[in-house]
Amino acid sequence: MDRDVWYWSNYEQHEFNTKIVRQALSQQIDLNVPAFEFHWNRWTTNKSLMFVWRAIEEKVPTATTLRNRGMNLPDVICKTCGAADKTAAHVLIQCNFTKRIWEKIINWTGIPMVNTEGSIKDLLQELNELQRSKNVRKAIHVIAIQTMWLLWKNRNEKVFSNKQGAA
Ligand SMILES: [Zn+2]
């Protein structure tokens, strides 16, 4: 069985929001435990981590990278916001839609607002330098990774099913 299935099943029935991330994570951990006192390493997946490392280098198949590889795409503008080319950094942190998700994640985790204008690498670095305990920083890191992975899956889901707001 695919290791990702646990947080993806029934997903298309929901709008993407922090509830989805919370539900997904709560299948692996007890979110009622205070101050992130849980075993974080059981609920990250190699697949989501690999995805984010590839996204940092813009090696995931966005419209922009596909065009750069020679694919004939008439337009690579993000259809969600119409304001920028669709790069991995745009889809995962910079898009207006994505920023709202990050704001909710930030509220939920109780950390200061992070810079969503820069690169994915900068954002992860910023989270890693938070004035929090090592365990909390690890938890935040995993939440950030899973959030990006879910955002990506959500976009692809919309593209392939042609729902409104397709990426
Ligand atoms: Zn956008």
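In this predicted model, E58 is partly exposed, because 15 other C-beta atoms lie within 10 Å of its own, a count that falls between the 12 or fewer of an exposed residue and the 20 or more of a buried one. The residue sits in the loop between α3 and α4, the latter spanning residues 63–68. Although E58 is not a glycine, its backbone has a positive phi of about 55°.

Of the 167 residues of the protein chain, 29% count as buried. When contacts between residues at least 6 apart in sequence are considered, 53% of them join residues that are at least 24 apart.

In soluble globular proteins, nonpolar side chains tend to be buried together. In the present model, the largest nonpolar core comprises 27 residues, and those with the most contacts inside it are A55, L92, I120, M148, L151 and W152. At least two residues of this core are supplied by each of α3 (46–56), α5 (88–94), α6 (96–109), α7 (120–128) and α8 (134–161), and α8 gives the most, with ten residues. The surroundings of M148 illustrate how such contacts are made: when residues up to four places away in sequence are not counted, M148 touches V52, A55 and L92.

Terms used
Residues are numbered from 1 along each chain as its sequence is written. This is a predicted model: local features need pLDDT of at least 70, side-chain atom pairs count only at pLDDT 80 or more; totals for chains, interfaces and linings use all residues. A nonpolar core is a set of buried Ala, Val, Leu, Ile, Met, Phe, Trp, Tyr and Cys residues joined through C-beta atoms within 7 Å. Helices (H or I, at least four residues) and strands (E, at least two) are DSSP runs, numbered from the N terminus. Two residues are in contact if their C-beta atoms, placed from the backbone, lie within 7 Å.
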